[in-house]
Amino acid sequence: MNGSSRKIFWSLIFLFHLGFLTWQLIHQQVMLVDSEEYLQEAQNIIKSGDFYCGDPEQPVRMDNYTKRPPVYPLFLALVISVFGNKIWVIVFQTLLSFLNVWLSLKLIRQLYGQITHPIILLIFIALYPAQFIYTNLIMTEILFQTSLLLMAIWAIQAWKSNSYQAFWLYTLALIAGIFIKPILYLFIFPHFIVGGIFIWKTRKFQLILPVIMPFVIVLGYMNWNAQRTGFFHFSSIQNLSLLQYTTYNLLINTYGQEEALVRADSILYASLEQPTYAQGQELLQRECFAVISENKLAFLGFHLKGIVNFFIDPGRFDLYTFWGLQSNQDGQGFLASFSQGGYRGMFSYLWSQPLGIIFLLVLIAGLNGLKTLSLFYFGFCKKTEAIEKIIILGIILYIAGLTGSSGASRFAVPVFPLVLVTLPCFLDRIILGWKKFRK
């Protein structure tokens with residue numbers, strides 16, 4: 001990237017961030033439903049040191065002890081304690097988002113030796129509004145995005161240079177990410193396997209400590225949760241998502257909404273009627289897995305559809321929520337309409353929206369589709385080494401696979417920079433093909 005391109009790139013990135021931040025500073029609508037719980041836990045930490053995301057004046061709910069892991073509430077507590085106002089959170093998240101763009105370019109240089117097509121990369125960033133929207137909400141996505149980027153950068157450095165220090169930094173980024181978003185805690189298993197291979201490769205047996213450390217910390221945290229709630233688990237959000245998203249949506253897809261409501265409610269109420277929290281959670285897991293087992297093929301198709309949604313969803317909900325727009329479909333989005341009504345449902349949804357929204361959603365979905373194709377092509381890119389592909393694609397596919405049936409634009413935000421990193425090789429191929437075609 002030459003000097004002129006660099007100035008244009010960073011000036012526009014700055015203006016995009018500044019524009020969204022200014023809108024939010026004026027309107028100060030930084031809260032979603034989940035935001036309330038993160039902020040409540042931060043306030044409880046400040047007042048009493050309790051890691052509890054519910055109102056302490058209300059009857060205690062066991063799931064609120066572990067629903068929101070501690071790193072993001074601690075981040076909120078620190079910012080609010082120092083600056084006295086939650087609006088400062090989005091100022092710091094804007095700085096983090098700016099940092100994440102810089103880290104993305106750093107990783108691109110690390111992989112390809114230089115940054116090619118900076119203006120095209122800028123277009124992909126500018127037309128991914130979820131990045132700027134979640135930067136300006138009290139949500140974990142941008143902080144989690146930072147941890148995943150640092151994991152990838154330091155893991156690649158560690159493997160390519162046999163660096164003891166880089167492996168430690170990667171491990172610390174992993175631990176931080178686990179306690180930002182619960183979805184990452186199962187990554188301790190691939191970490192353990194790859195760490196063992198790395199020790200064998202380098203003969204640096206002192207790395208046993210960072211290899212086993214995430215295991216020890218996660219098990220210690222789960223044991224602490226067992227002491228607080230009576231149930232050995234990492235986060236209650238897992239069972240809540242299992243019921244409210246995976247099982248409920250599978251039942252809708254298989255039996256229709258009316259029966260889905262009845263069966264999901266019966267599972268929930270049965271769990272609440274158990275004498276202990278642990279027994280209730282065990283019953284909930286058992287019943288949800290029974291529903292999945294009864295509908296294995298439907299679940300597989302539903303799960304794969306969710307993964308596709310994860311990568312393609314243009315983020316109608318994000319746009320409508322952030323800009324305060326009114327939906328003509330009672331909150332139902334582009335991909336939900338497609339899931340329920342196929343292409344007819346999709347076009348019916350599109351034609352019910354304003355023309356500008358139709359154009360924007362189709363454009364974003366199209367660019368998301370190109371980014372998804374770039375992931376496949378990246379696996380065959382000759383400019384990058386196998387370990388670089390394994391690390392980057394491994395993190396992306398891990399997050400997409402575990403998100404599964406809940407797949408939507410919001411959940412893809414943390415891996416957006418890593419997806420962006422796969423684009424240069426794909427763009428080179430498209431441009432080369434276009435030049436050959438013109439000849």
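The largest share of the lining of the largest cavity, three residues, is supplied by H18. The structure is a predicted model, in which local features need pLDDT of at least 70 and side-chain atom pairs count only at pLDDT 80 or more, while totals for chains, interfaces and linings use all residues. Residues are numbered from 1 along each chain as its sequence is written, and side-chain values use heavy atoms, with hydrogens and water left out.

**Exercise 1.** Determine which elements and residue classes line the largest cavity.

*Solution.* A cavity is a set of points, on a 1 Å grid over the protein atoms alone, where a 1.4 Å probe fits but cannot get out, and its lining residues have an atom within 4 Å of a point. The search of the whole structure gives two cavities of 30 Å³ or more, and the largest has a volume of about 110 Å³, a volume being the space filled by probe spheres set on the points, which are joined across faces, edges and corners. Its lining includes Tyr128, Asn368, Lys371, Thr372 and Phe416. The elements giving two or more residues to this lining are helix H15 (296–312), helix H18 (355–378), helix H20 (409–412) and helix H21 (416–421), where helices are DSSP runs (H or I, at least four residues) numbered from the N terminus. By class, the lining has seven nonpolar, three polar and two charged residues, with Asp, Glu, Lys and Arg counted as charged, Ala, Val, Leu, Ile, Met, Phe, Trp, Tyr, Cys and Pro as nonpolar, and the others, Gly among them, as polar.

**Exercise 2.** Describe the salt bridge between glutamate 141 and arginine 410, and state whether each partner is buried or exposed.

*Solution.* A salt bridge requires a side-chain nitrogen of Lys or Arg within 4 Å of a carboxyl oxygen of Asp or Glu, and by this rule the count comes to twelve. In the pair of glutamate 141 and arginine 410, the closest N and O atoms are 3.2 Å apart. Glutamate 141 lies in helix H8 (residues 141–161) and arginine 410 in helix H20, so the pair ties together parts that are 269 residues apart in sequence. Glutamate 141 is buried because its relative accessible area is 0%, and arginine 410 also counts as buried, at 17%; the classes are buried under 20%, exposed over 50% and partly exposed in between (1.4 Å probe, protein chains only).

Methods: 1 Å grid on protein atoms, 1.4 Å probe; cavity = no way out; pocket = protein on both sides within 12 Å on 5 of 7 lines; lining within 4 Å.
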